[in-house]
Amino acid sequence: MNYDVDTPEGLANSVRWTEAMLSQIKDGGAWMIPRSGTIVRVSHKDKTVSITAGTQPETSLRRVIKAMGWSIN
């Protein structure tokens, strides 16, 4: 499956994958991305996330979150 966010198909796939991942997290919960240590705190009611950078950059995360129609605090 294509997850290259520089292509329309890849961005759409990344959005679907991220929406599915966030749907498993309770409101106010957090997701730690293993490859980078980045922490994403989720507010479903506000459709917002706060991102705490880890040891490696997550270069596409902000783009995918915004494509979902969510905001980043």
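The following exercises, each with a worked solution, concern a predicted model.

**Exercise 1. The salt bridge of Arg63**

Identify the residue with which Arg63 forms a salt bridge, and state where the two residues lie in the chain.

Solution. 
- Step 1. The general principle is that side chains of opposite charge can pair when their charged atoms come close.
- Step 2. The partner of Arg63 is Asp6, and the closest N and O atoms are 2.7 Å apart. A salt bridge requires a distance within 4 Å, so this pair qualifies.
- Step 3. Arg63 belongs to helix α2, whereas Asp6 is in the segment before α1; the pair links distant parts of the chain, 57 residues apart.
- Step 4. Asp6 has a relative accessibility of 60% and counts as exposed, because the cut-off for exposed is over 50%. Arg63, with a relative accessible area of 39%, is partly exposed.

**Exercise 2. The largest pocket**

Describe the lining of the largest pocket by its residues and by the elements that supply them.

Solution. 
- Step 1. The largest pocket holds about 270 Å³ of space. Its lining consists of 14 residues, and the closest to the centre are Trp17, Thr18, Trp31, Arg35 and Ser60.
- Step 2. At least two lining residues come from each of α1 (8-23), β1 (30-33) and α2 (61-67). The element that gives the most is α1, with four residues.
- Step 3. By type, the lining comprises nine nonpolar, three polar and two charged residues.

**Exercise 3. A nonpolar surface patch**

Name the residues that form a nonpolar patch on the surface, and place Tyr3 in the chain.

Solution. 
- Step 1. The patch is formed by Met1, Tyr3 and Trp17, which together have about 400 Å² of accessible area.
- Step 2. Tyr3 is in the segment before α1.
- Step 3. Tyr3 has a relative accessible area of 40% and is partly exposed.

Key:
Residues numbered from 1 in each chain as written. Predicted model: local features only at pLDDT ≥ 70, side-chain atom pairs only at ≥ 80, totals over all residues. Heavy atoms only, no water. 1 Å grid on protein atoms, 1.4 Å probe; cavity = no way out; pocket = protein on both sides within 12 Å on 5 of 7 lines; lining within 4 Å. Points joined across faces, edges and corners; volume = space filled by probe spheres on them. Nonpolar A, V, L, I, M, F, W, Y, C, P; charged D, E, K, R; others polar. Patch = residues over 30% accessible without salt bridge, like charges linked within 9 Å, V, L, I, M, F, W, Y side chains within 5 Å. Areas by Shrake-Rupley, 256 points an atom, 1.4 Å probe, with all protein chains shown as cover. Salt bridge = Lys/Arg side-chain N within 4 Å of Asp/Glu carboxyl O. Buried < 20%, exposed > 50% of the residue type's maximum accessible area, 1.4 Å probe, protein only.
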